[in-house]
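I opened a notebook page for this structure and wrote down each thing I looked up. The entries follow in the order I made them.

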Amino acid sequence: MSTRIAFLKGHGTENDFVIVPDPDNALDLPPAAVAALCDRRAGIGGDGLLHVVRSAAHPEAKDMAERAEWFMDYRNGDGSIAEMCGNGVRVFARYLQHAGLVTEGDLAVATRGGVKRVHLAEDGDVTVAMGRALLPEGDVTVSVGGRSWPARNVNMGNPHAVAFVDDLAHAGELHAPPPFSPASAYPEGVNVEFVVDRGPRHVALRVHERGAGETRSCGTGACAVAVAAARRDGADPAATGTPATYTVDVPGGRLVITEGPDGEIEMTGPAVIVATGEIESAWLEKVAR
């Protein structure tokens, strides 16, 4: 007889996720199974999957267990593994609150990009300390159709190429990964953000996420865009001692990004749990083959 596996569905600025609670890391979730769960026609549908595991129970997170009880084993929609997902961390924290595992206030979440500090506010917003941005040297170019743009290489625990454009429509349909050069800049692929200005310290973006395609939002991408915009605008908090805050509009909503003088970046935005349900284990085993 088929057993059933609990799942939830949530989103952060419409970057949506299948959430699979598995505290003891007992479930086998190979890439094919994750891709099937994230399939919007034949599965549940999502930009990615949040596998909720106790850090002590996962080999990749055991060394973080003393600092963070829970590990976000994040997978892209195609089943591949990603280092970090900013919107995913907010939704992950919201799930822990929804399940009664944490309360409002501060908590720590282990990720492949390190331990992230999270704050669950009374007003429903979630703030995540995203760490520091790395700005690798070297020129990068991204292209769509017949257009090409210089891009800023920003690493937020995962790689980003940030291109400032005149019109977001110039990014095209973004079904396929935008070509970039040189290939050596991103040997494992890259998230590409196309950015326009909306006002003083206010920008808007579209993003092609590595392993997921165009999504309604990307938290690490919004952070990368805020840092790239600040440097373009001559703002470097480490040099001035003054935090730089940017409002970043994404197709699914709005995020507020602040880079402090110590280089630490905080992202604030909503996170919502929208549904709960059960997966037929027999179906999951079949699609995982």
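Predicted model: local features only at pLDDT ≥ 70, side-chain atom pairs only at ≥ 80, totals over all residues.

**Entry: T220 and its contacts**

Leaving out residues up to four places away in sequence, I found T220 touching M84, C85, G86, M130, M156, N158 and H160. I then looked up where T220 sits. T220 belongs to helix α3, which spans residues 219–232. Is T220 buried or exposed? I noted a relative accessible area of 1%, so T220 is buried.

**Entry: salt bridges**

Next I turned to charged pairs. How many salt bridges does the structure hold? I wrote down 18. I looked up three of them in turn.

The pair R4 and E280 went down at 3.1 Å, N to O. Why does this pair tie together parts 276 residues apart in sequence? R4 lies in strand β1 (residues 4–12) and E280 lies in strand β18 (residues 272–280), so the bridge joins parts with that separation. I checked the accessibility of both ends. R4 has 55% relative accessibility and counts as exposed, because the cut-off for exposed is over 50%. E280 has 32% and counts as partly exposed.

D16 and R40 came next. Their side chains meet in a salt bridge at 2.8 Å, N to O. I placed D16 in strand β2 (residues 15–21) and R40 in the loop between α1 (31–38) and β3 (48–54), so this pair ties together parts 24 residues apart in sequence. D16 has 11% relative accessibility and counts as buried, because buried means under 20%.

My last pair was D73 and R112. Their side chains form a salt bridge at 2.6 Å, N to O. This pair links distant parts of the chain, 39 residues apart. D73 is in strand β4 (residues 70–76). R112 is in the loop between β5 (105–111) and β6 (114–120). Are the two ends buried or exposed? D73 is buried, with a relative accessible area of 0%. R112 has 23% relative accessibility, so I put R112 down as partly exposed.

**Entry: the backbone**

I moved on to the backbone. Which residues does a cis peptide bond join? I recorded S181 and P182, with omega at about -5°. P182 is in the loop between β11 (180–181) and β12 (191–199).

I also looked up phi angles. T13 has a positive phi of about 45°, although T13 is not a glycine. I found T13 in the loop between β1 and β2. T13 has 2% relative accessibility and therefore counts as buried.

N25 also went on the page. N25 is not a glycine, yet its phi is positive, at about 55°. Where is N25? I placed N25 in the loop between β2 and α1. N25 has 24% relative accessibility and counts as partly exposed.

**Entry: recap**

T220 is buried at 1%, and T13 is buried at 2%. D73 is buried at 0%. R4 is exposed at 55%.

Terms used: Residues numbered from 1 in each chain as written. Heavy atoms only, no water. Salt bridge = Lys/Arg side-chain N within 4 Å of Asp/Glu carboxyl O. Helix = DSSP H or I, 4+ residues; strand = E, 2+ residues; numbered from the N terminus. Buried < 20%, exposed > 50% of the residue type's maximum accessible area, 1.4 Å probe, protein only. Contact = heavy atoms within 4.5 Å.
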